[in-house]
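Please look through the fold and the packing of this protein before reading on.

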Amino acid sequence: MKTEIKLVDYLASRRSIPAFQMGEPGPGRAEVEEMLKLASRVPDHGKLAPWRFIVYRGEERARISAELKTMALAKKPDLSDEMIKVEETRMTRAPVVVAVVSKAAPHFKIPEWEQQMSAGAVCLNLLMAANALGYASNWLTEWYAFDEAAYPLLGVEPGEKIAGFIHIGTATVPPTERPRPELAEIVTWVGEDA
């Protein structure tokens, strides 16, 4: 289900589809493995591979969502009915969810910040790899990405952090454009042409 588009055209039109606007079909195991191989091709000073993947598929996503709902209600018993429904579907919005887990750690040469940025680059590459194979994708970090009490449920080891959850599926609606910053707002020029 690969798409053919010039890279510059893709980058000029790249958009995320909200996870709740994705559905079947999702990628099969071979396609997910191809996406993960492509996602791994990122800047990685020292060749440390300071990240790993956890792939959530099938019914396990519903079990994890139910546990996350229980945790959310324990922390905030007055959740609205609407938010309870959101909690119930955290991991089931898209057919496949991939956690990109940062394993950044102290190193004699490579700063942890560089290792964390490498995990962020993996997240972006995974979004683009999913799109290249014809799927919609969205990078989310929600409360459980930062709550270490949820880490055992999610398969995250002590000392690791979640860089993002990449939701992958088929768009159920066309992508919409959103406002982007003007270059004058985000660029500082230094040098002769400044």
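The notes below cover the fold, the cores and the surface.

This is a predicted model, in which local features need pLDDT of at least 70, side-chain atom pairs count only at pLDDT 80 or more, and totals for chains, interfaces and linings use all residues. Residues are numbered from 1 along each chain as its sequence is written, and side-chain values use heavy atoms, with hydrogens and water left out.

**Fold**
- The protein has eight helices and five strands, taken as DSSP runs (helices H or I, at least four residues; strands E, at least two) and numbered from the N terminus.
- From the N terminus on, their order is α-β-α-β-α-α-β-α-β-α-α-β-α.
- The C-alpha trace spans about 60 × 45 × 35 Å along its principal axes.
- Among contacts (heavy atoms within 4.5 Å) between residues at least 6 apart in sequence, 79% join residues at least 24 apart.

**Cores**
- Buried residues (under 20% relative accessible area, 1.4 Å probe, protein chains only) make up 38% of the 194 residues.
- A nonpolar core is a set of buried Ala, Val, Leu, Ile, Met, Phe, Trp, Tyr and Cys residues joined through side-chain atoms within 4.5 Å.
- The largest such core has 20 residues, and Met35, Leu126, Ile166 and Ile168 have the most contacts inside it.
- Two or more residues each come from α2 (29–39), β3 (96–102), α5 (112–132) and β5 (161–171), with the largest share, seven residues, from α5.
- Another core, of 18 residues, lies apart from it and includes Tyr144, Tyr151, Leu154 and Ile162.

**Surface**
- The protein exposes about 11,600 Å², 57% of it supplied by carbon and sulfur atoms (Shrake-Rupley method, 1.4 Å probe).

Note on methods: Buried means under 20% relative accessible area, exposed over 50%, partly exposed in between (1.4 Å probe, protein chains only).
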